[in-house]
Amino acid sequence: MKKKKNKKKKSGVARLIEISKSKQQVFIASKLLTVAATIIKLVQLWLIYKITSEAVVGIINSHAVNTPVIKQHALILVISGIVYALLRYTSSRLAHTSAFEIICDTKIALINHLNKIHLGYLDNMSLGKLEKIIMTDAEKMEGFLSHHQMDIIEVLLTAPLVVLYLFFVDIHLTLALLVPIVIAVIIMTFNLANPENKKDQVTLNNEIENVQTEIIEYINGMNDIKCYDIGERSMSEYKKSIFGLSNVILKIANIYKYIIGGFYATLNLPYLTVFLLTAYRYFTGFDKTVLISNFVLFLIAVTIFKNTFETFFILSRSMMEINERVSRIDAVLNLPIIEEPKVGKALQKYDIEFKNVYFDYGTTAILKDISFKIEQGAKLGIIGASGGGKTTIAKLIIKFLKAKTGEITIGGINIDDIDSKTLMQNISFVFQESYLFKDTIMFNLTMGRAVPEQRVSEVCKMLNIHDKISRLKQGYQTVVGKDEGFFSGGEIQRLAVARILLKDSKIIVLDEATASADTENELYLQKAFLELAHDKTVVMVAHRLKTIENADQIIVVENGEIVESGNHSTLLAKKGRYYKLYNYQNQSAEMTISNLAEGDVLC
Ligand SMILES: Nc1ncnc2c1ncn2[C@@H]1O[C@H](COP(=O)(O)OP(=O)(O)O)[C@@H](O)[C@H]1O
Ligand SMILES: [Mg+2]
């Protein structure tokens with residue numbers, strides 16, 4: 001198992017850009033345009049100051065206002081306004097394009113990565129969590145990437161340049177403006193630097209995740225909840241998660257009410273300080289022309305600063321959020337991927353062998369020292385008590401899990417030396433939960449490969465599902481999940497079995513693939529399946545012994561160990577575990593395959 005080359009070094013937006021690689025130029029272009037737009041905005045401030053000064057000088061000194069100069073400045077102001085709007089429009093357009101492309105790339109990277117990992121380990125990541133990461137976390141970055149990024153540039157550029165200019169114009173008013181702003185920034189920096197803040201953000205995200213998981217759990221388990229009348233208990237779990245979330249929100253709100261209150265109050269203070277200093281100057285005989293133009297300029301500057309730092313505050317929170325989201329995306333992208341061989345070996349033979357295989361998910365041993373061999377074309381039955389490790393064996397063969405020690409070979413080749421594509425071409429598998437795509441039945445059976453229709457109906461006839469499909473108005477062209485395209489659990493399993501038989505791979509792995517059928521149907525289905533798969537190497541995990549009675553070899557797996565192996569008659573003769581299970585199951589299942597007449601319709 002190989003960890004993807006460490007990309008953890010980068011975080012936040014830098015990491016996102018790294019994931020999406022190619023969109024960097026558009027991203028940089030949109031930033032450069034924002035820089036240009038911000039500079040124009042500053043020029044506008046200067047122009048407004050010039051116009052105001054000219055007008056005030058003319059009015060106060062009772063001589064004609066210098067209209068040509070004002071007109072000239074006003075014209076430049078209008079033109080710069082148009083240019084500013086165009087630049088911001090283009091930069092915002094580019095930022096949006098690149099933001100959506102980055103989100104799209106991130107989602108594709110996540111899905112691609114999920115395609116490369118050992119799928120068996122995914123069971124440990126809740127569906128709610130995965131859904132939140134792929135959909136919500138990726139989606140929620142749009143606001144930051146398309147808007148906030150641009151705002152950051154504007155903030156970083158505007159603040160120092162405006163301060164520089166203001167110092168140049170009027171040092172005392174600049175200080176009157178700056179002192180409260182600096183205090184506001186200190187309050188905010190102090191708050192942002194607090195590690196508790198980051199922790200709260202993580203807790204908040206976890207609580208949101210909990211609520212989502214509980215909702216999904218509640219919906220998934222609705223049948224059982226109603227059946228066992230445990231609505232109240234399930235609801236209380238859901239309520240618990242809601243209360244957990246509201247507690248975190250209240251805690252954050254409690255801290256923020258002082259910090260935010262203090263921050264906004266101080267941020268608005270410059271209106272007062274600038275006004276008070278101007279009033280003082282008025283009464284102490286300050287030059288009126290300078291007084292008025294500077295007052296107008298500084299009022300505009302206060303508004304700019306206030307907006308700038310408000311934005312900065314919002315951004316700092318969203319920056320924290322984005323880092324948190326990206327690290328969660330990285331948690332998926334860092335799931336270990338299947339180590340592919342440099343040069344995959346081709347398969348010539350199709351026997352399967354386990355040599356001293358050990359497996360665990362971290363601590364407890366799930367499989368201990370498992371060894372067995374199935375010859376090419378032979379049928380292996382695996383039975384045993386629930387939780388013994390049968391599914392784990394099936395998952396190891398198809399590389400859904402990776403053995404910790406020992407070796408698994410196919411045709412004498414270690415499965416680690418067979419690339420996943422070759423392996424998947426040669427193996428078909430059906431698990432208890434089969435999935436039908438929202439496409440035609442024909443697509444679901446052939447998975448888009450060219451298979452003669454006659455062959456499809458032949459297999460379906462043998463598996464006793466052809467009649468049901470033929471009765472549908474659109475037959476094999478019926479779309480699953482629409483109009484008449486609905487199937488029972490047992491029917492879905494037949495379609496899944498038909499699908500693997502039509503794939504015609506050399507090895508077939510079935511994990512309780514026919515368990516949804518009733519006993520008689522399952523036996524019928526197994527019989528048909530074995531006929532169709534007579535030349536294939538088959539691994540069948542079953543909970544009904546009858547279904548694997550005819551297997552060439554049977555292993556009994558309990559507590560991660562093979563406790564018995566042999567064929568049906570040798571195992572019965574041993575009078576051990578298999579014998580006991582067989583007798584126990586026989587008491588409850590009286591009907592056997594021998595009771596069935598050829599062609600009996602059982603569904
Ligand atoms: N994703 C998982 N994480 C941790 N333990 C697991 C996981 N999946 C299965 N197990 C454990 O592995 C053991 C064997 O499971 P499994 O192979 O599915 O048993 P069987 O198919 O024989 O019923 C069980 O004890 C089960 O609790
Ligand atoms: Mg199982």
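# R544 and the chain around it

Q: Is R544 buried, partly exposed or exposed?
A: R544 has 19 other C-beta atoms within 10 Å. A buried residue has 20 or more within that distance, an exposed one 12 or fewer, and a partly exposed one falls in between, with C-beta atoms placed from the backbone. So R544 is partly exposed.

The model is predicted: local features need pLDDT of at least 70, side-chain atom pairs count only at pLDDT 80 or more, and totals for chains, interfaces and linings use all residues. Residues are numbered from 1 along each chain as its sequence is written, while chains are lettered from A and ligands numbered from 1 in the order written.

Q: Between which strands is the loop that holds R544?
A: Strands are DSSP runs of E, at least two residues; helices are runs of H or I, at least four; both are numbered from the N terminus. The loop with R544 lies between β8 (537–541) and β9 (553–558).

Q: What distance separates the C-alpha atoms of R544 and T266?
A: Along the chain, R544 and T266 are 278 residues apart.

Q: How far apart are the centres of domain 1 and domain 2?
A: Domain 1 covers 12–333 and domain 2 covers 352–590. These bounds come from an automatic or database domain assignment. Taken over C-alpha atoms, the centres are separated by 55 Å.

Q: What is the radius of gyration of the protein chain?
A: This radius is taken over C-alpha atoms, and the globule rule is 2.2 Å times the number of residues to the power 0.38. A compact globule of 603 residues would come near 25 Å, but the protein chain has 36 Å.
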